[in-house]
Amino acid sequence: MSKEMQAECILEAYKLLESSTPLRFDCGILCEESCCKGDENTGMWLLPGEAELIGNQEGFHVQTCQDNNGYPLLVCEGNCNRKYRPFACRIFPLFPYVAETETGGLEVFAVCDPRAVLYCPLTQYSMLHRKAPFDRPELGAIGEFLAPIYRKGLSWRFMSKVRRAGIALLGDEELKQYLLDTSKFLQETAELWKKLGQS
């Protein structure tokens with residue numbers, strides 16, 4: 001698939017996430033905007049082709065990353081034009097986890113990103129008060145991180161949009177493989193949390 005089509009998939013995902021946030025107010029006041037503070041080793045993983053799409057914007061910079069399947073990392077300097085935020089910023093603290101079904105298809109779930117547990121109060125609260133929307137034992141340890149249902153919790157609209165944005169990204173083979181690889185990584189991270197007794 002062409003880079004133009006890949007960019008269209010990413011822009012469609014962005015569009016689906018417009019005007020949608022985890023809570024009805026600025027959740028940054030809960031953590032002093034910890035997700036907007038990075039250093040040379042801390043930032044948001046970029047999708048394949050996203051660095052080229054975002055370009056060189058004031059407020060953050062793109063750098064190489066040893067993790068993230070060889071794709072770059074975006075480091076926020078604390079103040080940016082939200083119009084140019086990458087996908088990872090728009091969906092934080094969730095991730096569109098992709099699971100293979102018994103029939104060989106793919107299903108997308110909005111899950112709390114286990115990497116966010118150390119930084120995001122919403123994820124920490126989620127793990128203390130989670131109630132899985134349905135029992136999906138085949139998801140393994142990541143099932144513990146299914147976006148929770150609880151009163152005054154994460155916006156259902158936001159969770160739904162993260163899931164739909166993930167589905168939009170499946171339209172490109174490289175993006176689909178990225179989501180599958182990252183989902184596998186998150187599964188391994190969730191299993192580690194479970195062994196440590198943190199989930």
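The 23 residues of H7 (173-195) should span 33 Å at 1.5 Å a residue, and the end C-alpha atoms of H7 are 33 Å apart, which agrees. The expected span of a helix is taken as 1.5 Å times one less than its number of residues. Helices (H or I, at least four residues) and strands (E, at least two) are DSSP runs, numbered from the N terminus. The model is a predicted one, in which local features need pLDDT of at least 70 and side-chain atom pairs count only at pLDDT 80 or more, while totals for chains, interfaces and linings use all residues. Residues are numbered from 1 along each chain as its sequence is written, and side-chain values use heavy atoms, with hydrogens and water left out.

The buried residues of H7 include Leu 175, Tyr 178, Leu 179, Thr 182, Leu 186, Ala 190 and Trp 193. Buried here means under 20% relative accessible area, exposed over 50%, and partly exposed in between (1.4 Å probe, protein chains only). An α-helix has 3.6 residues a turn, so residues three or four places apart point the same way. Among the elements that cover the buried residues of H7 are H1, S4, S5 and H6. At the start of H7, a side-chain oxygen of Asp 172 comes to within 3.1 Å of the backbone nitrogen of Glu 174. Gly 197, with a positive phi near 75°, follows the helix.

Helix H1 (residues 3-16) has 14 residues and reaches 20 Å between its first and last C-alpha, close to the 20 Å expected. Its buried residues are Gln 6, Cys 9, Ile 10, Ala 13, Tyr 14 and Leu 16. Their cover includes H3 (50-54), H4 (87-91), H6 (156-169) and H7.

Strand S4 (residues 94-100) is largely enclosed by the rest of the structure, because six of its seven residues are buried. S4 runs antiparallel to S5 (residues 106-112), and seven bridges join the two; strands count as paired if DSSP finds at least two bridges between them. Ala 99 has Glu 107 in S5 as its bridge partner. The two strands form a hairpin with five residues between them, and Gly 104 in the turn has a positive phi of about 90°.

A separate topic is the open sheet of three strands, which has the order S1-S3-S2 and antiparallel pairing. S1 and S2 (60-63) are its edge strands, each pairing on one side only. Two bridges link S1 to S3 (residues 73-76), and Met 44 stands opposite Leu 74.

Nonpolar side chains tend to be buried together in soluble globular proteins. The largest nonpolar core has 46 residues, of which Leu 47, Phe 87, Leu 94, Val 162, Leu 169 and Leu 179 touch the most other members. Such a core is a set of buried Ala, Val, Leu, Ile, Met, Phe, Trp, Tyr and Cys residues joined through side-chain atoms within 4.5 Å.

Most residues other than glycine have a negative phi, and most peptide bonds are trans. Asn 69 has a positive phi, near 55°; this residue lies in the loop between S2 and S3 and is partly exposed, at 44% relative accessible area. Phe 92 and Pro 93 are joined by a cis peptide bond with omega about 10°, and Pro 93 belongs to the loop between H4 and S4.

How values were computed. Contact means heavy atoms within 4.5 Å. A polar contact is a pair of N or O atoms within 3.5 Å; within protein, one must be able to donate a hydrogen and the other to accept it, and residues adjacent in sequence count only if both atoms are side-chain atoms.
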